[in-house]
Amino acid sequence: MATTPGQGPLTGVRVVELAGIGPGPFAAMLLADLGADVVRVDRPGGTGLAINTEYDVTNRNKRSVIVDLKSPDGPARVLDLAARADILIEGYRPGVAERLGVGPEACHARKPALVYGRMTGWGQDGPLAERAGHDIAYIAVTGTLGMIGNPDEPPAVPANLVGDYAGGSLYLVVGVLAALHHARATGAGQVVDAAIVDGTTHLSAMIHGMLAAGGWQDRRGANLLDGGCPYYGTYETADGRYMAVGALEPQFYDEFLRLLGVEDLASARKDFSRWGELRDTVAARFKSRTRDEWTAVFEGSDACVAPVLSLREAPRHPHLAARGTFTDHGGITQPAPAPRFSATPTAVRTGPAQPGADTADVARDWDVPDLPKRQEPTKGLE
């Protein structure tokens, strides 16, 4: 099968990203990883919470221009880009893009087929729409945060993976690609309202079904998949590290008990009254050896047991190394693009875009000759 040279299935798709933090940049990175020509419109002075731009891998495979949207001709530069783009992504609070002159109406006046993606925590409407927030607050009100952690401890914070990236970025990408398909079929663009509260809630669809069926208790650490089950959870080893166990099915459970050396507990699998005994026994066994020793015991088995690795350890795991799940580019070890395509493979083509470094090239490639012109700032356009 013929392949393209590391460009990806979205080669030829143009995306404008209005610079922000968190889920917007990650969504744009995913589109860029898939081959889209993503131009990030950075603001003078950068964005809040930004790391050193040389290490911000969420800006890989992109190009950057600097536009001051508060200058008199700043909005016109963005509209020039939008007129030549397929997708625009912004992550402002509701109404801000409109006040800056680059909202959906202004953009669609220039290009009716544009897909306008809006990334927020609370959504474009509702009582909290204009309130500030971050991942932890968004997932808190959806019931998702309250599911995670031990029952006798505060809910565990899952970094910003569940809200910002799973419930936010990934839903925005699905939305804008679906809208792009529609736009190419009909010539009509539209606005995609990707709210983290909506996406995170959607992620819990199966659990809400189980809750309605009586198969899920509405509390932490009491269910099959939340650590309540003694053969689906984590256990400390002799060296203070951890092993993860997911031996749910009977055949995997039996293999797990055999390799752990506690076959006499086979009947405890469905006997909830013995789950405490099972957990204590399993915990004691794991504490008797180091993580690496237990990893060797379960190597090559179907017991569904794996070592809990750190961020720096993960790239060296034999399976991930064999698949190239991580890659090194510009001296930075980072996740490789995902998923994988047989005919249009993806790659990390460039390192993190540096603010404004690509202005001349974008002006040429996108035919926006006024883009490099100096923009004089104007106060009062908040």
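User: Leaving aside neighbours within four places in sequence, with which residues is Phe326 in contact, and in which strand is Phe326 found?

Analyst: Contact means heavy atoms within 4.5 Å. Phe326 belongs to strand 10 (residues 326-329); helices (H or I, at least four residues) and strands (E, at least two) are DSSP runs numbered from the N terminus. The strand asked for is therefore, under that definition, strand 10.

User: What pLDDT do local features need in this predicted model?

Analyst: Residues are numbered from 1 along each chain as its sequence is written, and side-chain values use heavy atoms, with hydrogens and water left out. As the model is predicted, side-chain atom pairs count only at pLDDT 80 or more, totals for chains, interfaces and linings use all residues, and local features need pLDDT of at least 70.

User: Is Phe326 buried, partly exposed or exposed?

Analyst: Buried means under 20% relative accessible area and exposed over 50%, with partly exposed in between (1.4 Å probe, protein chains only). The relative accessible area of Phe326 is 27%, so this residue is partly exposed.

User: Which strands stand at the edges of the open sheet of six strands?

Analyst: Two strands pair if DSSP finds at least two bridges between them. The sheet has parallel pairing and the order 3-2-1-4-5-6. Two of its strands each have a single partner, so one side of each is left without a neighbour in the sheet: strand 3 (62-66) and strand 6.

User: What angle does the direction of helix 2 make with that of strand 1?

Analyst: Helix 2 (residues 74-82) packs on the sheet, touching strand 1 (14-18), strand 2, strand 3 and strand 4. Axes are lines fitted to C-alpha atoms, for helices over the stretch in contact, and angles run from 0 to 180 degrees between N-to-C directions. For helix 2 and strand 1 the angle is about 155 degrees.

User: How far is the backbone oxygen of Asp68 from a polar atom of the side chain of Ser71?

Analyst: Ser71 sits in the loop between strand 3 and helix 2. With a relative accessible area of 1%, Ser71 is buried. The distance from the Asp68 backbone oxygen to a polar atom of the Ser71 side chain is 2.7 Å.

User: Within what arc do the buried residues of helix 9 fall?

Analyst: In helix 9 (residues 250-260), Tyr253, Phe256, Leu257 and Leu260 are buried. Seen down the helix axis, the buried residues of helix 9 line one face, because their arc, taken from the directions from the helix axis to the C-beta atoms, is 95 degrees.

User: Which residue of strand 8 is the bridge partner of Gly233?

Analyst: Strand 7 (residues 232-236) and strand 8 (residues 242-246) pair in the antiparallel sense over five bridges. In their hairpin, with five residues between the strands, Gly240 has a positive phi near 80 degrees. The partner of Gly233 is Val245.

Technical notes:
Polar contact = N/O pair within 3.5 Å; in protein donor to acceptor, adjacent residues only side chain to side chain.
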